[in-house]
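I opened this entry to record the charged contacts and surface features that I looked up. The notes follow in the order in which I took them.

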Amino acid sequence: MLSSFRLSMTWVHTWFGLVLGYVLMVCFFFGALSVFDREIDRWAIPETRYEPQPMPSFDAMLQPIFRSIEPDPQSYDYAQDEVHGPLPPRESLAMSDVGAYTTHRDPVLDMYVSFDVPNKPKDANLDHVHVFGYATIDPRSGTVISNDKLKIGSEFFYPLHYSLHLYWKNLGYWLVGMAALTMLAALVTGVVMHRKLLRELFTFRPRKQMRSVLDLHNLTGVAALPFHFFFAFTGLVIFAGIYFPVTNSMFKPQAEAHEKVEELRTGLPHDPAHVAAPLASVDAMVAEAQRRWGERGMPGEVGFLGITHLGDANGYVSVYRAGTDRVTLTGQGIHFRASTGEVIREDPQPSAVAGINDWLTGLHLQHFRHWLLRWLYVLGGLAGCACIATGFIFFVEKRKRQHAKAGVSGARWADAMGVTAVTGMLIATGTILVANQLLPGDLPQRGDWEGRIFWLAWLMALAHAFWRSAPVAEGRLSPAWREQSWVVALLCTAAPVLNWLTTGDHLLKTIAAGYWPVAGFDLALLVVAAVAAYAARRLRRAELALVATAKPRRESLEAAHA
Amino acid sequence: MPDSLLLGLALLSTLCAMGWLALGMNVHWQQVYGDVASSARTVRIVRVLGACALAVSMLLCLSSDHASIASLVWVMSLAASVFFVAFLLSWRPRWLAWLVPWART
């Protein structure tokens with residue numbers, strides 16, 4: 001037991017912060033990028049560079065496309081591992097549910113189909129397993145966009161920030177969950193350690209080495225404290241079903257009973273009737289839903305359109321309003337009998353608890369139309385990164401001289417990991433963007449290659465950080481920080497230039513056309529390049545200054561020995 | 001009034017609020033005015049101004065967006081303003097003197 005409460009809190013803050021800080025860095029940085037995930041998608045897939053589109057006609061366009069969607073081979077293989085016995089052939093699986101989802105920032109429309117699987121799941125907690133199929137279309141023409149093209153923003157950076165792309169036994173979700181919990185603990189312990197929370201709210205003393213680092217750590221932590229707290233907390237709320245899977249395990253009978261009660265209460269059939277039925281005009285249902293929203297004084301576009309029990313007498317169509325002007329994602333659902341088009345149910349106002357849950361998850365997932373708030377979120381996310389990075393630096397700076405004297409290498413390894421988590425992460429990010437521009441357009445499974453190149457770049461940054469870390473063991477600065485900053489500057493300059501060369505969309509053109517998804521991302525990359533180059537030059541100066549002060553010291557030591 | 005103008009004014013209001021609240025602290029007052037200490041009356045005035053500006057910015061946020069969004073914009077604008085004022089104090093502290101024209105000598 002440590003001698004005082006504050007020392008105990010310091011211990012928790014330091015060690016938990018160090019160990020899980022690397023994961024938190026990923027969550028905050030790629031979370032900040034995810035604020036503009038759809039815009040990054042436009043940058044990565046040039047053929048989708050046009051204005052966002054509303055939900056297209058179901059009857060004329062979506063219905064035939066849904067019919068053509070096949071079970072995804074990866075999803076099929078995954079389901080095969082989850083069930084007893086061999087699955088029926090892929091092409092013979094029957095569709096059960098379909099859905100299409102869009103937001104005010106999406107030029108493309110994401111569509112999915114779930115296919116029924118007759119096999120019994122291996123997991124006794126599950127009733128059934130589904131195989132999924134996906135399609136992304138251009139809603140103007142119905143053209144299907146190849147799934148080989150990786151949506152770097154929404155399919156790579158965004159899932160990276162909550163799953164780390166480690167899907168085995170949901171390992172990534174658990175690591176991120178632990179990191180989020182650690183973040184909450186670090187905020188509380190940090191507040192206890194700080195003591196002068198309000199008195200030093202505006203304090204930043206530059207050019208004072210350790211003091212400056214600590215000031216920046218405190219400033220970025222305290223000024224954005226509500227942001228850090230709410231994003232760590234709501235992240236946990238969103239995945240509560242994974243962390244506390246009680247409905248599928250401990251409370252399974254209650255959950256099943258609840259589903260039956262819900263069915264009676266809402267009139268929405270839980271199970272199919274296994275009697276075939278035609279589908280009435282879905283466009284007419286959408287028009288009716290929009291009329292009803294208008295009557296409530298909240299006209300809007302469709303955010304989600306789904307059909308449950310497709311082609312069955314119990315089938316129903318759900319139309320949800322896009323939450324463009326609210327924090328809640330989608331809402332005001334109206335449900336129709338699929339075979340006749342009559343309204344079964346209009347979702348009432350959410351209860352107080354559901355409303356709070358919607359607000360908490362909505363504020364994190366941010367599908368609203370509010371560019372100022374989006375940028376403020378990016379600022380909050382980057383402040384979180386700065387807070388964590390300065391935490392690493394403070395940890396190393398505080399210890400490296402003692403460690404150098406004692407011949408211990410702890411600070412050296414912590415510093416190398418810090419380099420990997422900060423500049424290494426930026427290198428990996430820059431590399432995937434450059435790879436996206438350079439890989440041949442018709443390369444099979446192009447997206448998988450982009451992902452592999454990302455991880456390889458990060459691994460190389462890790463190796464470089466460890467290889468160049470020797471000066472830290474002597475109490476000096478690792479040149480890896482500077483060298484990797486130069487690589488970041490190079491990559492972030494190369495990416496917009498390559499975007500220009502491969503697509504012809506240079507900055508003058510995109511700015512003149514007011515096409516901000518691409519112009520904004522190019523500009524952001526150039527700003528990062530400039531900041532990285534500036535940091536590299538400052539680091540060089542700091543290294544030289546340290547060498548200059550170390551030299552006379554060494555000479556005087558040698559003179560004393562002579 | 002267009003929303004962008006309302007939001008711009010809301011941001012300006014939180015910026016001023018944070019500037020005034022910082023000037024209400026002696027250490028920051030001295031960053032701006034050297035070793036001259038602020039009077040108790042001035043401290044009271046800037047703190048009241050700071051609190052009022054925070055309230056005004058919240059009203060401006062509420063008049064621009066649905067309350068659920070406005071609350072988020074307001075809280076995040078506080079964070080942005082704290083950063084702005086903290087970096088201004090370490091870079092060009094004299095600029096904050098614009099917020100207290102009556103104290104200029």
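**Salt bridges**

I began with Lys252(A) and Asp127(A), whose side chains meet in a salt bridge at 3.5 Å, N to O. I counted as a salt bridge a side-chain nitrogen of Lys or Arg within 4 Å of a carboxyl oxygen of Asp or Glu. Lys252(A) lies in helix α10 (residues 252–266) and Asp127(A) in the loop between β2 and β3 (130–137), so the pair ties together parts of chain A that are 125 residues apart in sequence. Helices (H or I, at least four residues) and strands (E, at least two) are DSSP runs, numbered from the N terminus.

I noted the basis of the work: this is a predicted model, in which local features need pLDDT of at least 70 and side-chain atom pairs count only at pLDDT 80 or more, while totals for chains, interfaces and linings use all residues. Residues are numbered from 1 along each chain as its sequence is written, chains are lettered from A and ligands numbered from 1 in the order in which they are written, and side-chain values use heavy atoms, with hydrogens and water left out.

I then looked up accessibility, with buried meaning under 20% relative accessible area, exposed over 50%, and partly exposed in between (1.4 Å probe, protein chains only). Lys252(A) is buried at 18%, whereas Asp127(A) is partly exposed at 49%.

Next I examined Asp271(A) and Lys260(A), which form a salt bridge of 3.5 Å, N to O. Asp271(A) sits in the loop between α10 and α11 (282–295) and Lys260(A) in helix α10, so this pair ties together parts of chain A eleven residues apart in sequence. Asp271(A) is partly exposed at 37% relative accessibility, and Lys260(A) is partly exposed at 44%.

I also recorded a salt bridge between Glu39(A) and Arg105(A), with the closest N and O atoms 2.8 Å apart. This pair links distant parts of the chain, 66 residues apart: Glu39(A) is in helix α2 (residues 37–44) and Arg105(A) in the loop between β1 (95–101) and β2 (109–116). Both Glu39(A) and Arg105(A) are buried.

I found a network of salt bridges linking Glu288(A), Arg291(A), Arg292(A), Glu295(A), Arg296(A) and Glu346(A). The count over all chains comes to 33 salt bridges.

**A buried serine**

I placed Ser485(A) in helix α17 (residues 479–503) of chain A. Ser485(A) counts as buried at 6% relative accessibility. A polar atom of its side chain lies 2.8 Å from the backbone oxygen of Trp481(A).

Methods:
Polar contact = N/O pair within 3.5 Å; in protein donor to acceptor, adjacent residues only side chain to side chain.
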